[in-house]
Amino acid sequence: MSAAATVPGIGRPRLPGPVWAWLLLTPAFVSLASVSFYPIVNGLYLSLTNTSLITQENEFSGFANYVQLWGDAQFWNAWWHTMWFTAASTILETVIGLGMALILCEAFKGRGLVRAAMLVPWAMPTVVTSKMFGWLFDGQNGIINYILLHAGLIDQNINWYGSPDTAMTTIIIADVWKTTPFMALLLLTGLQTVPNSLIEAARMDGAKGWITFWHIRLPLLMPTLLIAGLFRALDAFRVFDLVYVLTGGGPADSTETLSTLSYKVLFSTLQFGYGSAVSTAMFVTEGIIALVFVLYLMRQIRRAQ
Amino acid sequence: MLAQHREAASLKEEKMTDMKKGPVSGSKPVAHVTIADRRQFLIGSAGLLGAAALGIGTGLGVRRARAQSRAEISFASAAFFGKETFGDLIKVFNESQDRVLVKNIELPPPSSSTEVYQGLVQQLARRTGTPDVFSQDVIWIAGFAAAGWALPLDEYFPADKRSAYFTGTLNACTYGGKLTALPWFMDSGMFYYRKDVLEKHGGKVPDNWADMATIAAAAQKAGDVDFGYLWQGKQAEVLVCDAVEIITSNNGAILAPDGKSSQINQKAAVEAIQFLHDTIAKTKISPQDVLSWDEEPSRQPFTSGKAMFMRNWSYVYPIAQDAKASQVVDKVGVAPLPSFPGGKSAACLGGYQLGVNANSKQREAAIELLTWLSSTETQHRIALNFGLAPTRPALFQDEQIKKEQPFMASLEKVFTGATARPITPEYAKVTLALQSGISKALVSGNVQAEMDALSDQINKIVG
């Protein structure tokens, strides 16, 4: 093929151009279709059946699963927890990450080292992070309780993972610790695309640091910020490892998220039909989140033009 | 589900060194085959084609002859190991007779019980007859029986043969009036206490919950221990085990005997759950931390000498007696769990039991393997080499077991009260509901209201 394409005139293929293009695209298309498109479609189809490995049923049941889902308190409980987790962790990570990026953008001694070191939490496997935070926030021997107790901020040990009031917050803290560096890295690359000339010009006009940031850097950073936020939100929405390792969804379902719920439905009770409906609901919610971000992003870009 | 394998996981760690000495299964035979093939190929190319062909021919001939005379079946089980593996056990069976040839299918270790479950379900659902014999966690038995995957064993094991097993284990192996699994090895919840501290507070092991709470509170107040009583309140399978024990010890039950309706909002069950809530909120003999603890987090304070009483599985004892990991060597005693007035001590049953695939094409051979695996001799071997407790009470009197596994031998009394978790084909759904509902009751303290809600939910699942 390549010989035919690179040596014109000699044995030129008889097939017309578009056919060649399609032919060459086929391998990519087939591999994508088999690992991405087919599972999604099959998942959608499963969500319309009552498939269960235990009862051995496997029949089309229309929207019965979705009707059940709509009235399922456990699902909505998990849905709200997931939304809360996504919103809280994305906002915190974006704000803190932006701060970190602004610092790392400045020139100072050892900047390379700090930039590399910053990425360590993100490079760690989440299960390791989970175990680590499990120990840090341990109710009996955790360092967090020790510090708070000795600083006089609390008068007795708090069982962070055993109380519905604190369990989710603790998981959010662990996630923020782990993923903020990722946001900082994305935002740092964004900041570096802001032309220095603009900032210098502003400085010559007498603009202070804050004004420069607010009127020059932030607007120019906005597209990056939105894309990074979108990535992060979609990723946070799928949170699984932290919850699975630290609380298993408890206490009293207070940390149950959609991923852990669908895992339980799919793989503990083997209800593939209903489990797929839960997964599809996740997919739809993520689609809506993405849509909101993209619409906002387009408005931003259009306004900039 | 997670309940028993903790114990298995820790057994594993403990037996790691033994394992290395033991025969390595799996990869070796494969290596042999490759080397042999290559050698045959070399011989052939060297011109000794005839001899090699003869060699291959006779080799195959022998193998075929053996295969023809022996029924070939397969055995699948979660991978336990101690001084030997289940693969070794199967090898012993294969060498012990010449009628049946068993292929061992190794599933993931019991610590990955969800994966073991999936693996088994996928194979059984195909209805191809593979595996012919399998081992199953007690909580899967009803589901496999209801799906028609497990062969009823009544005709092979009539009443007189069954009487050799613990009643509680037999109950767990029975679904819809039929014996669909054969007891193999077991574990159960038990009551750990500190002998030295108890000596200071009366010396008598409490046999009812109220006494237990009084002694625990007194020991805590006297400063002998930080915690009176430790149990497992994490929203996980072990919470269901703790609940089954305390509810049954008050003559209550989670499901009605027919398994078709919930009894968890009745007085006996509500009182029992209320007692657990009170250990944290009222009597304060348990730290609030138990709400996020499963087996290991609750074991650690106990073996470091900070607690008076604890409910846990049998795996804790060897750790408590290990001077490297424990500050309470020789200070720990084990007894049946306490009960409420008028109730009987109950222990949540765990362990793996045997089943025969209803679609097996070699039923007689499968029964032969099943009978051998559950026989007195094999259970004896498993007790000694794997440290897994037998389901035959008679074996607890065995001199060799008494000598080599003294702790196990002392458990007969505890195992006698072994109670199955709710027997229903919908167990997987019921347990998730129970974990969530009981956790809510323990956290909020609105026990009756939460149990009512839970009961509605369970009725919807099993009704």
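Predicted model: local features only at pLDDT ≥ 70, side-chain atom pairs only at ≥ 80, totals over all residues.
Chain A is built from helices. Its secondary structure comes to 14 helices and zero strands. Along the sequence the pattern is therefore α-α-α-α-α-α-α-α-α-α-α-α-α-α, and the radius of gyration of chain A is 25 Å, well over the 19 Å that the globule rule gives for 305 residues, so chain A is more spread out than a compact globule. Along the principal axes, its C-alpha atoms fill a box of roughly 80 × 70 × 35 Å.

| Chain | Residues | Buried |
|---|---|---|
| Chain A | 305 residues | 33% buried |
| Chain B | 463 residues | 52% buried |

In chain B, residues 24 or more positions apart account for 74% of the contacts with a separation of 6 or more.

## Domains

The assignment for chain A gives domain 1 (4–36) and domain 2 (72–304). The C-alpha centres of these two domains of chain A lie 43 Å apart.

Chain B is also divided in two. Domain 1 of chain B takes 74–187 + 350–418, and domain 2 of chain B takes 188–348 + 422–462. The contact between them takes 18 residues from domain 1 of chain B and 16 residues from domain 2 of chain B.

Which elements of domain 1 of chain B each supply at least two residues of the side that touches domain 2 of chain B? They are α6 (141–146), β6 (182–188) and α19 (412–416). By residue class, that side of domain 1 of chain B divides into twelve nonpolar, four polar and two charged.

K413(B) counts as partly exposed, because it has 14 C-beta neighbours inside 10 Å. K413(B) and F396(B) are 17 residues apart in sequence, and their C-alpha atoms are 9.9 Å apart in space.

## Where chain B touches chain A

Between the chains, 23 residues of chain B are in contact with 21 residues of chain A. On the chain B side, α5 (113–125) and α20 (427–444) each supply at least two residues. Helix α20(B) gives the most, with eight residues. The chain B side divides into ten nonpolar, nine polar and four charged residues.

## Helix α5 of chain B

Helix α5(B) has 13 residues. From first C-alpha to last it reaches 18 Å, close to the 18 Å expected at 1.5 Å a residue.

Which residues of α5(B) are buried? They are S113(B), V116(B), Y117(B), L120(B), Q123(B) and L124(B). Seen down the axis of α5(B), these buried residues fall within an arc of 140 degrees, so they line one face of the helix. An α-helix has 3.6 residues a turn, so residues three or four places apart point the same way.

Just after α5(B) comes R127(B), with a positive phi of about 55 degrees.

## Helix α13 of chain B

Helix α13 of chain B covers residues 295–303. Its buried residues include E295(B), S298(B) and R299(B). P301(B), F302(B) and T303(B) are buried as well. After α13(B) comes G305(B), where phi is positive, near 85 degrees.

## A residue in chain A

A202(A) is found in helix α10 (residues 196–204) of chain A. Is A202(A) buried or partly exposed? A202(A) counts as partly exposed, because it has 18 C-beta neighbours inside 10 Å, and a buried residue needs 20 or more.

Leaving aside neighbours within four places in sequence, A202(A) is in contact with A207(A), T212(A) and I216(A). The C-alpha atoms of A202(A) and H215(A) are separated by 9.6 Å. Along the chain, A202(A) and H215(A) are 13 residues apart.

Notes:
Residues numbered from 1 in each chain as written. Chains lettered and ligands numbered in written order. Contact = placed C-beta atoms within 7 Å. Helix = DSSP H or I, 4+ residues; strand = E, 2+ residues; numbered from the N terminus. Nonpolar A, V, L, I, M, F, W, Y, C, P; charged D, E, K, R; others polar. Domains from an automatic or database assignment. Expected span 1.5 Å × (residues − 1). Buried ≥ 20, exposed ≤ 12 C-beta atoms within 10 Å, placed from the backbone. Arc of directions from axis to C-beta. Rg over C-alpha atoms; globule rule 2.2 N^0.38 Å.
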